[in-house]
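Please view the sequence and the model shown below before reading on.

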Amino acid sequence: MQLVIVESPAKAKTIEKYLGSDYRVLASYGHVRDLPPKDGSVNPDEGFAMEWENYADKAKQLKAIADLSKTADRLILATDPDREGEAISWHVQEVLRARKALPKDVQRVTFNAITKQAVTSAMQAPRELDTDLIDAYRARRALDYLVGFTLSPVLWRKLPGAKSAGRVQSVALRLIVEREREIESFVSQEYWSVTASLEQDGTPFTARLVQWEGRKLDRLSIGNEGDALRAKADVEAGRFEVQSVETRPATRNPPPPFTTSTLQQEAARKLGFSADHTMRIAQGLYEDGAITYMRTDGVQMDGSAISAARKAVADRYDASYVPDKPRQYQTKAKNAQEAHEAIRPTDFGRDTVGGGDHARLYDLIWKRALASQMASARMERTTIDLADGTGRHVLRATGQVVLFPGYLALYEEGQDDSATDEEARRLPRLRQGDTPAKTGVAAEQHFTQPPPRFSEASLVKRMEELGIGRPSTYASIIKTLKDRAYVRVEKNRFFAEESGRLVTAFLERFFEKYVGFDYTAGLEEELDDVSGGRAQWQAVLDAFWRDFKPRTAEVMEKQPSAITAELDQFLAPYLFPEKADGSDPRLCPNCGAGKLALRGGRFGAFVACSNYPECKYTRRFAQGGAAAEDSGPETLGNDPATGLPVERKSGRFGPYIQLGEGKDAKRASIPKDVELDLEWALKLLSLPRTIGNHPETGEPITASIGRYGPYLAHAGKYARLQATADVFETGMNAAVVKLAEAAAGGGRPARGAAREPLKLLGKHPRTEAELKVMEGRYGAYVTDGETNATLPKSVTVDQLTLEEAASLIDARAAAGPKTKKPAKKAAAKKPAAEKKAPAEKKPAAKKPAAKKPAAKKAAKPAAGE
């Protein structure tokens with residue numbers, strides 16, 4: 001019997017169909033072990049020795065693999081054909097070696113597609129494990145661990161509210177933060193354009209003013225309305241004649257097939273997919289045998305695939321759409337490893353696969369790969385200049401005619417930031433001396449725009465250009481930034497959050513080298529050298545650790561107050577920009593005497609007045625620049641009952657209202673759906689509101705506003721309200737109904753109560769388990785009864801398909817357990833063991849319990865690599 005190990009059960013099921021009865025195929029469900037999240041898992045003093053620990057939830061699967069391996073004649077490690085796949089194979093081999101279950105004959109096979117031909121051919125060409133790839137994996141894993149477990153504790157102690165830092169994560173965050181700074185510092189400039197609407201032989205077209213009063217104009221030449229109106233008048237008064245017609249041919253070549261990064265970019269542009277969602281869908285297509293391996297930076301295709309693509313083009317169109325010679329592509333990305341093919345269909349004869357998002361992504365991959373072997377598009381670009389009688393004013397019209405569409409008949413690459421293309425316009429046929437009719441002249445005001453915020457597509461593109469990270473890591477990097485709340489996404493654009501800006505400022509000030517773009521790209525090149533056998537992995541780690549460890553120790557010695565003072569100076573241009581009137585930007589707007597400065601608090605950084613406690617003015621760190629302008633407390637009026645002033649104030653957690661001063665002062669947050677005035681302020685300060693006693697229990701029903709919004713409360717049970725106004729308008733009858741609905745499952749269900757699924761999806765196509773969507777504490781999730789997978793924000797419950805849900809479950813099962821689960825179980829057992837133990841054994845029982853918090857805390861940076 002021959003035992004084959006792959007990563008996923010879906011892949012195992014497909015491959016087992018292609019092999020004979022002598023083969024058994026088992027899935028490892030991804031990685032089977034990792035560095036435990038605790039200090040000492042990597043020991044720099046012992047040659048960077050690593051202590052690996054098996055995943056607890058993989059015990060059953062590892063036992064099944066070990067049991068079969070003991071009776072197997074040959075072990076075939078057939079995990080994915082990349083560095084991570086090589087690492088999984090190595091881990092499985094080492095676990096089996098430790099259990100003395102490793103057969104004498106161990107071989108490694110790789111295939112770029114899960115088709116019968118690819119799998120059977122790979123079985124005929126086995127090899128040994130690639131030690132260079134394994135060393136590269138160990139170097140990367142050790143680097144990420146050392147950065148996470150050395151730098152993150154510095155952040156926790158010196159920068160309250162910071163969560164983690166990572167070797168590549170922090171550099172990607174810096175890109176987003178720097179773009180935010182560019183936008184904030186951008187000074188918009190006014191400019192005007194003058195265009196004439198013309199017509200020739202019934203065909204309208206537009207020409208813009210490119211020369212005025214004898215001087216050539218660029219985009220910003222006309223900078224005010226006065227000049228624009230004078231130029232408009234000159235165009236209106238002139239009789240314009242065609243001075244020259246220039247026609248030149250142009251060609252557009254098709255883009256190469258997808259790599260990992262270009263697939264993520266195009267799926268974001270055209271389908272609105274996140275990088276993480278794109279990779280999950282692509283994984284499913286790969287495991288179903290529809291596409292080649294989806295983690296690659298190669299742009300070339302196999303010779304047989306090129307031939308199949310050319311034949312498909314000829315069958316679909318005609319011979320004119322097939323170029324004379326097959327197209328060959330070479331990657332332009334930094335640090336590219338072209339060990340794998342580009343992402344392409346395994347069968348160019350299949351133009352559709354699956355349904356939902358799988359079908360949409362496959363369609364994109366199929367069209368891009370097929371278009372890459374199509375003829376170039378041929379166009380004719382025309383430029384027409386028209387001058388008035390004086391020759392001092394010139395209009396220009398540009399246009400384009402597609403003579404032969406070529407690959408554009410099938411596919412056109414998307415753009416991150418679309419711009420109007422004058423050359424795409426159609427023009428009438430004009431000759432020198434023609435005088436087209438003038439139907440109108442317009443002068444339009446414009447303003448220069450700041451650079452756009454990064455989308456997922458443009459961020460991935462920029463990271464690839466800089467050589468930061470690897471294609472297979474982009475999705476996880478972006479996901480980590482979102483999960484850490486360092487960034488937020490609005491309308492598919494990244495906005496740097498307060499915490500992200502502060503962490504970036506801290507790292508730029510104290511660890512500038514390690515968040516440098518060139519340094520990070522250089523380190524990636526060194527790690528690629530390890531992959532290629534050109535560098536020794538411990539030497540790369542030693543060079544990094546020799547500088548990094550002393551620097552972290554130096555920063556750890558600094559007092560938090562000293563850190564805050566240095567950040568105050570570093571961030572001064574953002575927090576306290578110069579004012580137009582020349583006044584002191586640090587002058588407190590409340591007391592008019594104190595100076596504003598950055599302060600560190602339990603919940604993060606904020607800006608406060610130096611005259612504290614006499615002056616209690618504060619504002620959030622996020623309120624930098626013009627957004628920080630605040631005139632201090634605003635008096636809304638006096639409370640009729642007490643005569644005390646009611647003030648609107650701004651604190652580090654946002655705006656609030658206050659009645660009175662000192663310990664007896666009443667305060668209330670200001671809801672977003674309220675237009676604040678004195679009447680509303682008094683209402684908010686009066687909460688909670690008692691509606692009356694419940695007719696059945698006699699207990700009071702109250703309405704108030706809590707951390708999660710407006711709600712009703714009665715005898716320890718709660719029901720949500722929709723709006724702030726409902727807190728003051730809900731009567732007894734409506735309150736009783738809402739509480740009853742909440743108790744029956746309409747609101748938040750009681751702990752342990754059965755809940756109805758949001759959607760029934762059907763049976764898992766591979767495991768036959770029933771899949772359904774449930775509402776959880778942190779949002780909707782998919783479950784098969786054993787594994788729960790959070791529904792991505794990019795997918796709504798209504799849009800979710802059965803295949804997508806199955807892929808989410810498979811991915812979650814392959815990812816292994818959350819690190820907190822074992823810690824919780826162990827902690828729960830300790831009190832019981834302590835009670836029953838004899839007195840002399842109590843100290844022994846306490847020792848493991850004392851270690852648990854440290855292990856739990858150390859788990860944080862591991863997730864933020």
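Against which helices do the buried residues of α8 pack? The buried residues of α8 pack against α9 (275-287), α11 (356-371), α12 (456-466) and α13 (474-483).

## Basis of the report

The structure is a predicted model, in which local features need pLDDT of at least 70 and side-chain atom pairs count only at pLDDT 80 or more, while totals for chains, interfaces and linings use all residues. Residues are numbered from 1 along each chain as its sequence is written, and side-chain values use heavy atoms, with hydrogens and water left out.

## Helix α8

Helices are DSSP runs of H or I with at least four residues, and strands are DSSP runs of E with at least two; both are numbered from the N terminus. Helix α8 covers residues 260-271, twelve residues that should span 16 Å at 1.5 Å a residue; its end C-alpha atoms are 16 Å apart, which agrees. The expected span is 1.5 Å times one less than the number of residues in the helix.

A residue is called buried under 20% relative accessible area, exposed over 50% and partly exposed in between, with a 1.4 Å probe and protein chains only. By this criterion α8 is mostly covered, since nine of its twelve residues are buried. These buried residues are T260, S261, L263, Q264, Q265, E266, A267, A268 and L271. Their packing against α9, α11, α12 and α13 rests on contact, meaning heavy atoms within 4.5 Å. After α8 comes G272, with a positive phi near 75°.

Strands of a sheet pair through backbone hydrogen bonds, either parallel or antiparallel. In this report two strands pair if DSSP finds at least two bridges between them.

Strand β1 (residues 2-6) is joined to β7 by four bridges, the two running parallel. Residue I5 stands opposite L77 of β7. Strand β7 (residues 74-77) also contains I76, which counts as buried because its relative accessibility is 0%. Leaving aside residues up to four places away in sequence, I76 touches Q2, L3, V4, I5, Y23, Q107, V109 and M123. Between I76 and P126 there are 50 residues in sequence, yet 8.4 Å in space from C-alpha to C-alpha.

## The antiparallel sheet

A second open sheet is formed by four strands in the order β25-β26-β27-β28, with antiparallel pairing. Its edge strands are β25 (689-693) and β28 (717-720), each of which pairs on one side only. The twist averages 25° from one strand to the next. Helix α21 (residues 732-743) packs on the sheet and touches β25, β26, β27 and β28; its direction lies at about 105° to that of β28.

Four bridges pair β25 with β26 in the antiparallel sense, and T690 stands opposite T702 in β26. The hairpin of β25 and β26 has six residues between the strands, and G698 there takes a positive phi near 80°. Strand β26 (residues 700-706) pairs with β27 (residues 709-714) over five bridges, again in the antiparallel sense. These two strands form a hairpin with two residues between them, and P710 in β27 is the bridge partner of I705.

## Cysteines

How many disulfides are there? With a disulfide taken as a pair of cysteine sulfur atoms within 2.5 Å, the count comes to zero. The sulfur of C609 has its closest cysteine sulfur in C588, at 3.7 Å, which is too far for a bond. Residue C615 is likewise in no disulfide, the nearest cysteine sulfur being that of C588, 3.7 Å away. At 2% relative accessibility C609 counts as buried, and C615 counts as buried at 4%.

Technical notes
Axes fitted to C-alpha atoms, helices over the stretch in contact; angles between N-to-C directions.
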